[in-house]
Amino acid sequence: MSSGRASGGNGDSVDDEGSDENQGSDGGRSRFPRRVYAVGNEPDPRFSLANERTFLAWLRTSLALVAAGVALEALGFPQSAGFRGAAAFVFIALGLAAAGRAWFGWMATESAMRRNSPLPAPAVGFLLVIGIATGVLLVAFGLIL
Amino acid sequence: MTAPVDPGLQVERTSLAWTRTGLALALAGAVVTRLTVDRLGAVAVTLGLIAVVCAVAMAALAGVRYRRATASLRHSGTLPNDGTVLALASASALAVGTAAAVFVVWGMLGA
């Protein structure tokens with residue numbers, strides 16, 4: 001077990017350096033963002049990991065949406081410049097929203113779990129559905145008209 | 001050979017999620033570079049290289065976070081992770097999206 005954490009060797013001179021209420025094993029290192037970690041108790045690690053995977057899923061969604069927008073524009077699809085530009089812009093705006101949702105949603109969920117309060121509602125999901133439908137419709141109109 | 005910390009393999013699944021996010025980034029970077037290199041030239045290649053570097057970093061992070069989480073869960077039952085890397089990843093995605101928006105608007109105005 002050579003890879004164990006070296007936090008065990010500080011038992012000599014650490015006088016009440018501060019809050020040791022919920023995680024004494026943290027070595028006193030403050031965790032970012034303070035807004036999330038300053039309150040509540042450490043949730044079940046499985047839930048934090050699930051929250052992290054949800055964050056990553058939103059990040060991949062963001063990448064896919066942005067790539068879709070760039071691809072439309074770069075491939076000149078559809079040919080009508082107005083519809084194409086509008087559709088590309090919708091997809092990229094959704095990609096930006098998804099990247100923001102990834103971070104802020106992660107923070108809100110982690111924070112709620114630490115406070116043992118209900119999880120936040122998935123507000124951006126609705127926006128995403130409407131937005132993707134709009135983008136696809138714009139592409140369709142660009143092809144038809 | 002050591003047994004996993006959790007029968008639900010949460011740490012393993014999270015590690016794989018990092019890996020596939022890195023793969024998605026590499027793929028998206030490659031496709032976008034290929035599609036825009038005619039118009040953007042060296043800029044597209046540079047952005048593609050940055051995407052590949054970030055993708056490799058994410059794959060490496062998958063391993064680092066896996067080992068740290070496993071060690072910490074065995075040792076104290078808590079996770080050592082915080083939001084720093086997530087904030088960086090999210091900010092990078094926002095930067096990618098902004099660059100894409102500039103590309104599209106620039107295409108609409110210029111070409």
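What follows is a short chat about a predicted model with chains A and B.

Reader: Predicted, OK. What does chain A average in pLDDT?
Author: Chain A averages 84. Of its residues, 80% score at least 70.

Reader: Which elements of chain A have the lowest and highest mean pLDDT?
Author: Helix α1 (residues 34-37) has the lowest, at 92. The highest belongs to α3(A), at 96.

Reader: And where does pLDDT stay under 50 in chain A?
Author: Over residues 1-28. For that stretch the model has 16 contacts beyond four places in sequence. Where pLDDT is low, the predicted coordinates should not be read in detail.

Reader: Tell me about α3(B), then. How many residues, and what reach?
Author: Helix α3 of chain B covers residues 84-110, which is 27 residues. From first C-alpha to last it reaches 38 Å. That is close to the 39 Å expected at 1.5 Å a residue.

Reader: Which of its residues are buried?
Author: The buried residues of α3(B) are B:Leu86, B:Ala89, B:Ser90, B:Ala93, B:Leu94, B:Val96, B:Gly97, B:Ala100, B:Phe103 and B:Val104.

Reader: What covers them?
Author: The cover includes α2 (45-75) and α3 (81-115) of chain A. It also includes α1 (10-40) of chain B.

Reader: So how do α3(A) and α3(B) cross?
Author: Their axes come within 9 Å and cross at roughly 170°. An angle over 145 degrees counts as roughly antiparallel, so α3(A) and α3(B) are roughly antiparallel to each other.

Reader: Which residues make that contact?
Author: From α3(A), they include A:Phe89, A:Ile92, A:Leu96, A:Trp103 and A:Trp106. From α3(B), B:Leu86, B:Leu94, B:Val104 and B:Met108 are among them. By class, the contact has 17 nonpolar, 5 polar and no charged residues.

Reader: New topic: A:Leu65. Where does it lie?
Author: A:Leu65 lies in helix α2 of chain A.

Reader: Buried or exposed, and why?
Author: A:Leu65 counts as buried because it has 26 C-beta neighbours inside 10 Å. The cut-off for buried is 20 or more.

Reader: What does A:Leu65 touch?
Author: Leaving out residues up to four places away in sequence, A:Leu65 touches A:Phe91, A:Leu94, A:Gly95 and A:Ala98.

Reader: How far is A:Leu65 from A:Glu42?
Author: They are 23 residues apart in sequence. In space they are 34 Å apart, C-alpha to C-alpha.

Reader: Now the backbone. Which peptide bond to A:Pro33 is cis?
Author: The one from A:Phe32, with omega near -10°. A:Pro33 sits in the segment before α1 of chain A. Another cis bond joins A:Phe77 and A:Pro78, with omega about -5°. A:Pro78 is in the loop between α2 and α3 of chain A.

Reader: What about phi at A:Asn116?
Author: Phi is positive there, about 60°, although A:Asn116 is not a glycine. Most residues other than glycine have a negative phi. A:Asn116 lies in the loop between α3 and α4 (123-144) of chain A. A:Asn116 counts as exposed, with 9 C-beta neighbours inside 10 Å.

Reader: And phi of B:Leu9?
Author: Near 55°, again a positive value in a residue other than glycine. B:Leu9 lies in the segment before α1 of chain B. B:Leu9 is partly exposed, with 13 other C-beta atoms within 10 Å.

Definitions and conventions: Residues are numbered from 1 along each chain as its sequence is written. Chains are lettered from A and ligands numbered from 1 in the order in which they are written. This is a predicted model: local features need pLDDT of at least 70, side-chain atom pairs count only at pLDDT 80 or more; totals for chains, interfaces and linings use all residues. Helices (H or I, at least four residues) and strands (E, at least two) are DSSP runs, numbered from the N terminus. The expected span of a helix is 1.5 Å times one less than its number of residues. A residue is buried if 20 or more other C-beta atoms lie within 10 Å of its own, exposed if 12 or fewer, and partly exposed in between; C-beta atoms are placed from the backbone. Two residues are in contact if their C-beta atoms, placed from the backbone, lie within 7 Å. Axes are lines fitted to C-alpha atoms, for helices over the stretch in contact, and angles run from 0 to 180 degrees between N-to-C directions. Angles under 35 degrees count as roughly parallel, over 145 as roughly antiparallel, 65 to 115 as roughly perpendicular and the rest as oblique. Ala, Val, Leu, Ile, Met, Phe, Trp, Tyr, Cys and Pro count as nonpolar, Asp, Glu, Lys and Arg as charged, and the others, Gly among them, as polar. pLDDT is the predictor's confidence in each residue, from 0 to 100.
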